[in-house]
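Visitor: I am new to this structure and would like to be walked through it slowly. Could you take my questions one at a time?

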Amino acid sequence: GEKAILWSARGRRRFSGLLWPEVPEEGRRAPLLGAMSGRDSVQVPDDRDFGLFRTQCDSETGWSLTYNRSGILVWVQMLEAEKALHKIKCRMDCKNVAAETLYDVLHDIEYRKKWDTNVIETFDIGKLTVNADVGYYSWKCPKPLKNRDVITLRSWLPMGGDYIIMNYSVKHPKYPPRKDMVRAVSIQTGYLIQGKGPSNCSITYLAQVDPKGSLPKWVVNKSSQFLAPKAMKKMYKACLKYPDWKQKHNPHFKPWLYPEQSTLPTVGLAELSIQHAASLENIDESSLSETKDDRAEGSDEDSVN
């Protein structure tokens with residue numbers, strides 16, 4: 001039968017060695033995340049990158065708390081006010097949801113199509129290593145803004161009872177920007193899942209995305225006050241329903257836990273390049289006014305069957 005990888009300290013070191021062969025100190029590169037926008041080549045994140053991401057999730061310096069209700073907190077860090085460029089961080093306590101269930105929900109692309117009502121289209125393009133792949137995701141933006149899409153390199157790492165999944169934007173020759181979408185740039189986006197005993201956990205979502213173009217100020221307010229908390233609640237409800245759903249939908253297929261199950265083609269790092277925000281078309285949506293939400297789109301009561 002299949003065996004999940006046991007994430008003891010020794011097992012993790014061995015696994016890390018498979019992914020990132022030990023490099024002498026003088027030959028090591030600077031961490032990715034400190035210079036997300038300044039890199040010139042695509043690299044798979046290593047242990048230090050995961051550690052830096054975790055530190056950012058835990059840090060409160062420079063963040064403004066903008067929402068605190070029903071166990072959900074949202075912070076915003078403004079970077080360029082005139083473009084509404086910002087980082088957003090959300091944290092939620094998940095009662096009666098095990099950390100490994102939440103990890104599965106974030107990985108399971110078929111299930112995401114059921115519960116994520118913002119998604120327009122999402123698919124995996126190929127794998128880089130046993131814990132990194134490249135994928136496409138497009139989503140609905142608040143009306144009347146144009147919808148966005150991204151191509152990202154995503155990597156993940158179990159850390160004892162905790163898990164990290166994170167991504168950043170790359171360019172893939174077969175998936176250039178589309179006419180009907182604005183190609184956004186994920187400078188750094190990810191999730192930190194922290195186990196709180198066998199049946200509870202917390203999740204921290206951290207995102208720095210350049211949505212391309214100048215956005216109106218109401219977008220930041222709406223993201224932090226309404227869209228982010230709503231998305232977190234929807235994710236929590238999806239977690240509660242996932243074990244039953246998965247039981248009926250290919251229950252043993254979890255390539256994020258069992259890499260040998262993956263049927264994705266291998267993508268070479270040389271096929272990818274960094275997606276610099278400056279090279280994409282800028283659009284000015286700063287003067288657009290908010291429209292009333294179409295309530296038919298994604299109410300909180302969406303069922304997952």
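What follows is a set of questions and answers about the model shown.

Visitor: Which helix has the lowest mean pLDDT among the elements of the protein chain?
Guide: The protein chain averages a pLDDT of 81, and 73% of the residues score at least 70. Over residues 1-30, however, pLDDT stays under 50, although the model has 41 contacts beyond four places in sequence for this stretch, and residues 33-37 are also below 50. Where pLDDT is low, the predicted coordinates should not be read in detail. Among the elements, helix α3 (residues 99-107) has the highest mean pLDDT, at 97, while the lowest, at 41, belongs to helix α1 (residues 9-19).

Visitor: Is strand β7 mostly covered or mostly uncovered, and how many of its residues are buried?
Guide: A residue counts as buried when its relative accessible area is under 20%. Strand β7 spans residues 162-171 and is mostly covered, the number of buried residues among its 10 being nine.

Visitor: Which residue in strand β9 is the bridge partner of Asp162?
Guide: Strand β7 is also joined to strand β9 (residues 185-195), antiparallel to it, by six bridges. Within this pairing, the partner of Asp162 in β9 is Gln194.

Visitor: Which residue of strand β11 stands opposite Lys171?
Guide: Strand β11 covers residues 273-274, and two bridges join it to β7 in the antiparallel sense. In β11, the residue that stands opposite Lys171 is Ser273.

Visitor: Why is the pair of Phe123 and Tyr136 called stacked, and what is the angle of the planes?
Guide: The structure holds eight aromatic pairs, and a pair of aromatic rings is described by the distance of the centres and the angle of the planes. Planes under 30 degrees apart count as stacked. The rings of Phe123 and Tyr136 have their centres 5.0 Å apart, and the pair is stacked because the angle between their planes is 20°.

Visitor: Which parts does this pair tie together, and how many residues apart are they in sequence?
Guide: Phe123 is partly exposed, at 23% relative accessibility, whereas Tyr136 is buried, at 3%. Phe123 lies in strand β4 (residues 119-129) and Tyr136 in strand β5 (residues 132-139), so the pair ties together parts whose separation in sequence is 13 residues.

Visitor: Which residues do ring pairs link into a cluster?
Guide: Another aromatic pair, Tyr137 with Trp139, is stacked as well, with 5.9 Å from centre to centre and 25° between the planes. The cluster linked by ring pairs is made up of Tyr111, Tyr242 and Trp245.

Visitor: Which residue lies over the face of Trp75?
Guide: A charge sits over a ring only if its NZ or CZ atom is within 6 Å of the ring centre, among other conditions. Here the distance from the ring centre of Trp75 is 5.5 Å, and the residue over its face is Lys89.

Conventions. Residues numbered from 1 in each chain as written. Predicted model: local features only at pLDDT ≥ 70, side-chain atom pairs only at ≥ 80, totals over all residues. Heavy atoms only, no water. Buried < 20%, exposed > 50% of the residue type's maximum accessible area, 1.4 Å probe, protein only. Helix = DSSP H or I, 4+ residues; strand = E, 2+ residues; numbered from the N terminus. Pairing = 2+ DSSP bridges. pLDDT = per-residue confidence, 0-100. Contact = heavy atoms within 4.5 Å. Phe/Tyr/Trp six-rings, centres within 6.5 Å; stacked < 30°, edge-to-face > 60°. Lys NZ or Arg CZ within 6 Å of the ring centre and 35° of its normal.
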